[in-house]
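Please examine the chain shown here.

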Amino acid sequence: MPLSRTWPAIAVAAIVVVLVVLQLAANRLAFQGPLHSLVSDYVATPKSATVPWVGLGLAMAGLSTRPRIVALSAAACLDLLFAATRIARGELLTVGNGPLIVLTVLAFVGARRWLKGGSTTAYRGVAFGLLLVIATKVGDAWLRITALTRPKVFDEYALLADHALAQPSWLFGRLISAGGPVLGGGLHWVYIELPLAALVVAIYQLRNVSAAGWPRHFLVPTFLLLGLLGPVIYVLFPLVGPEFAFGGAGGGFQVGNYWPHALPPIDLSPRPVGFDGQTPRNCMPSMHTAWALAVFLHSRGGPRWLRAGGTVWLVCTIAATLGFGYHYGVDLVAGALLCLTAEAVLREPLRGRIWSRTAVILAGGVLLAVLLLSCRYFAEAMARNALLTGPLIVGTMAAFIAAFYATYFARPAARSAATTLSVRDTIAAAMMPAEGTFGPETEPSRA
């Protein structure tokens with residue numbers, strides 16, 4: 001079998017093995033596993049109404065107009081049929097069955113063509129869409145595993161470490177509480193509908209796939225790589241977040257009911273705290289921050305409205321993750337480091353910047369490891385020396401952002417004038433590159 005056909009077969013086999021292993025673990029630990037959840041999404045109430053449609057949207061990228069119309073129409077009709085059945089039974093009104101069924105049919109069509117040796121370029125988006133749905137199921141199962149296998153959480157350590165960053169979760173929590181239900185509702189919608197923002201950016205990036213071929217790099221691989229790497233850290237540094245560990249959502253396991261209106265008493269002897277077996281330990285790193293930052297980065301090559309949307313989504317996601325008590329400040333720093341490191345792995349550097357790319361990857365990995373170790377073993381020192389460690393964290397992050405920008409976004413003219421730029425100007429340029437400067441990853445590959 002040619003190498004180009006061997007790797008897809010290995011990938012499919014690996015996915016099947018992961019799903020089966022997780023389902024067996026779920027059966028043993030008495031919770032719904034990924035295979036059970038997938039079956040439910042086909043014939044019962046889908047767990048998510050957005051993700052199946054996002055997956056189907058990705059599948060449309062490589063198809064021509066007529067198959068798109070047929071697929072979308074079939075998905076909409078099936079969703080209406082399932083929704084009407086649920087309403088008749090008095091069940092929850094939601095959607096998602098239709099796109100998942102159609103996505104699966106398209107996957108079988110693509111697989112059949114692949115087995116017959118035909119071209120499946122048009123069906124690459126189908127693979128990405130189905131993989132996105134599967135990844136969410138794997139992620140849900142993994143979250144349950146983190147709760148069941150890590151009975152103690154490190155929130156007291158994160159709380160101390162966050163003194164270096166002036167306790168942003170408490171600050172944003174008070175601001176959102178003062179903003180009332182309108183502000184809270186808007187931020188909550190942005191927080192839970194991150195896949196929708198990712199779909200908009202991905203569709204823009206893949207809008208010319210059928211004519212120009214697939215780009216060398218786009219948003220979806222970054223999302224999938226982040227989803228693979230981030231959850232591993234959950235079991236290394238289990239956190240449940242301020243709202244649960246120090247607020248009213250702890251269900252009796254919280255240290256105290258402090259968040260967001262009062263800081264807990266300072267305890268310079270942190271310890272792991274026992275928590276329930278239901279709440280996921282999914283705070284460190286903040287994957288919402290990592291994914292929203294990826295959306296922001298990939299929106300840079302679009303028109304003004306797309307760049308503005310990516311910026312707004314990132315800002316609102318950061319405000320929501322902190323303001324709802326889901327994360328500590330150090331979680332967001334870890335999420336940003338993880339995102340930029342993953343992007344450095346996947347994104348092609350500017351011409352002649354190969355060694356800089358290696359340096360960015362190594363620096364991102366080292367900085368993330370140092371942050372985790374510092375929060376776990378030096379949280380007391382970070383809290384005692386907040387005026388030193390806080391600026392050190394922020395300054396190091398700013399320098400890493402500047403290095404990432406210089407490696408992947410800076411134009412030659414910008415690089416030649418880099419010595420005249422201040423750190424502040426460099427970071428500002430990294431956040432708002434000129435329109436159309438999305439980097440070499442947007443150049444289409446030619447099949």
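## Annotated spans

Over residues 188-206 the chain is 89% helix and 0% strand, with the end C-alpha atoms 28 Å apart. Residues 312-338 are 81% helix and 0% strand, and the end C-alpha atoms of this span lie 21 Å apart. Helices here are DSSP runs of H or I with at least four residues, strands are runs of E with at least two, and both are numbered from the N terminus.

## Basis of the model

This is a predicted model, in which local features need pLDDT of at least 70, side-chain atom pairs count only at pLDDT 80 or more, and totals for chains, interfaces and linings use all residues. Residues are numbered from 1 along each chain as its sequence is written, and side-chain values use heavy atoms, with hydrogens and water left out.

## A nonpolar surface patch

V12, V16, V20, L24 and L35 form a nonpolar patch on the surface, and together they have about 410 Å² of accessible area. Patches consist of residues with over 30% relative accessible area and no salt bridge; like charges are joined within 9 Å and nonpolar side chains (Val, Leu, Ile, Met, Phe, Trp, Tyr) within 5 Å. A salt bridge is a side-chain nitrogen of Lys or Arg within 4 Å of a carboxyl oxygen of Asp or Glu. Accessible areas come from the Shrake-Rupley method with a 1.4 Å probe, and for residues only the protein chains shown count as cover.

Helix α1 (residues 3-29) supplies the largest share of the patch, four residues. V16 lies in this helix and is partly exposed, with a relative accessible area of 44%. Buried means under 20% relative accessible area, exposed over 50%, and partly exposed in between (1.4 Å probe, protein chains only).

## Buried elements

Eight of the nine residues of helix α3 (residues 51-59) are buried, so this helix is largely enclosed by the rest of the structure. The buried residues are V51, P52, V54, G55, L56, G57, L58 and A59. They pack against α4 (65-88), α5 (97-115), α6 (124-149), α9 (194-205) and α11 (219-236).

V295, in helix α13 (residues 287-298), is likewise buried, with a relative accessible area of 2%. Beyond its neighbours within four places in sequence, V295 is in contact (heavy atoms within 4.5 Å) with L194, A197, A198, V201, L219 and F223. V295 and L194 are 101 residues apart in sequence, while their C-alpha atoms are 8.9 Å apart in space.

## Backbone exceptions

Most residues other than glycine have a negative phi, and most peptide bonds are trans. The peptide bond from W259 to P260 is cis, with omega near 0°; P260 is in the loop between α12 (242-245) and β2 (273-274). The bond from M284 to P285 is also cis, with omega near 0°, and P285 lies in the loop between β2 and α13.

A30 has a positive phi near 65°. This alanine, A30, lies in the loop between α1 and α2 (34-43) and is exposed, with a relative accessible area of 66%. A166 has a positive phi near 70° and is found in the loop between α7 (155-161) and α8 (168-192). At 59% relative accessibility, A166 counts as exposed.
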